[in-house]
Amino acid sequence: MSITVEIDIEKVNKNIIYQGETLEVLRDIDLSIKKQEIVSIIGPSGCGKSTLLNLIAGLDNPDVGSIHFQGFNQEDRLGSVSYMQQKDLLFPWRTVLENISLSLEIKGISKKDSTEICRKYLSEFQLEKFEKNLPHTLSGGMRQRVAFLRTLLTDSEILLLDEPFGALDALTRRNLYVWFMNLLENNPRTVILVTHDVEEAIFLSDRIFLLSPRPGQIELIEEVSFERPRTYEIISDPNFVNLKSRLLHQLSEIRDE
Ligand code: ADP
Ligand code: MG
């Protein structure tokens, strides 16, 4: 069944009780995301980005406000997203190949076919030599790529990605941005990407939401209007440079307040 996905987040507040104290983590978060839109959420460390993704995913619920996906009850969000959490959460007892093929096995694809599909992706990610490895034998960057692949191989139309490229070196990241963008061109999905990296946010997104320090509030929304598919050359385009410096400036302003 094809679903018209649209995410509506209305007036969400979230508090966390930690060691007897109430922390206000998110305040008045109001945003809606269009079907097949790619948006980024950026903001200082600790401002509530991962908390917001947990709420959107349905792992937790807001104290105030609502999160609604078009075509789903609020309670059913968990089954309709593919969520790559900040911590990679690979199954330690399953090999690289078994971790990735899980999403395909759940869809009912035969072992033979799923192995073939996974091997193709593993080789594109330069991980083909590691298919029999267990996660603890891999570097952080490799584990992150495995977790990213596992997330992509699900059927969900909504992808929630929490700093998916954070453990990768600059060159690997750039290659992955381009690879991921092309994948989305051919197979569009709704993507919410949390990142620390302003360049990454601009390169990949249609819109960027900047959150203030905790309690996270939406401080700024920027449209990114570069045509797709984009090539990495746009990073030297004056519009790219301007937007980047505007966002970096805003981030340093709110940090200093
Ligand atoms: P970000 O992803 O933007 O770095 P988080 O959403 O992880 O921020 O956390 C937001 C705030 O909530 C932080 O100040 C963090 O210390 C606090 N926090 C989040 N989850 C918990 C938890 N389970 N227990 C205690 N504090 C938490
Ligand atoms: Mg986080």
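The open sheet has 6 strands in the order β5-β6-β7-β3-β8-β9, with mixed pairing. Strands here are DSSP runs of E with at least two residues, helices are H or I runs of at least four, and numbering starts at the N terminus. Two strands count as paired if DSSP finds at least two bridges between them. The edges are β5 (81-84) and β9 (218-223), each pairing on one side only. From one strand to the next, the twist averages 15 degrees.

This is a predicted model: local features need pLDDT of at least 70, side-chain atom pairs count only at pLDDT 80 or more, and totals for chains, interfaces and linings use all residues. Residues are numbered from 1 along each chain as its sequence is written, chains are lettered from A and ligands numbered from 1 in written order, and side-chain values use heavy atoms, without hydrogens or water.

Back to the sheet. β8 (residues 207-211) and β9 are antiparallel over 5 bridges. F209 faces I221 of β9 across that pairing. Helix α1 (residues 49-57) packs on the sheet and touches β3 (38-42), β5, β6 (158-162), β7 (190-194) and β8. Contact means heavy atoms within 4.5 Å. The direction of α1 makes about 155 degrees with that of β6. Axes are lines fitted to C-alpha atoms, for helices over the stretch in contact, and angles run from 0 to 180 degrees between N-to-C directions.

α1 also gives the most to the shell around ligand 1, with 3 residues. The shell includes I16, Y18, V25, P44 and R214. A residue belongs if one of its heavy atoms lies within 4 Å of the ligand. By class, the shell has 5 nonpolar, 5 polar and 2 charged residues. Gly counts as polar, and Cys, Pro and Tyr as nonpolar.

| Residue | Atom in the residue | Distance to an oxygen atom of ligand 1 |
|---|---|---|
| C47 | backbone N or O | 3.2 Å |
| S50 | side-chain N or O | 2.9 Å |
| T51 | polar side-chain atom | 2.6 Å |

The protein covers 63% of the 560 Å² of accessible area that ligand 1 has on its own. Areas come from the Shrake-Rupley method with a 1.4 Å probe. Besides α1, β1 (7-18) gives two or more residues to the shell.

β1 pairs antiparallel with β2 (residues 21-33) over 9 bridges. I7 stands opposite I33 in β2. The two strands form a hairpin with 2 residues between them, and Q19 in the turn has a positive phi of about 45 degrees. β1 also runs antiparallel to β4 (residues 64-69), joined by 5 bridges. There, I9 stands opposite I67.

Key:
A polar contact is a pair of N or O atoms within 3.5 Å; within protein, one must be able to donate a hydrogen and the other to accept it, and residues adjacent in sequence count only if both atoms are side-chain atoms.
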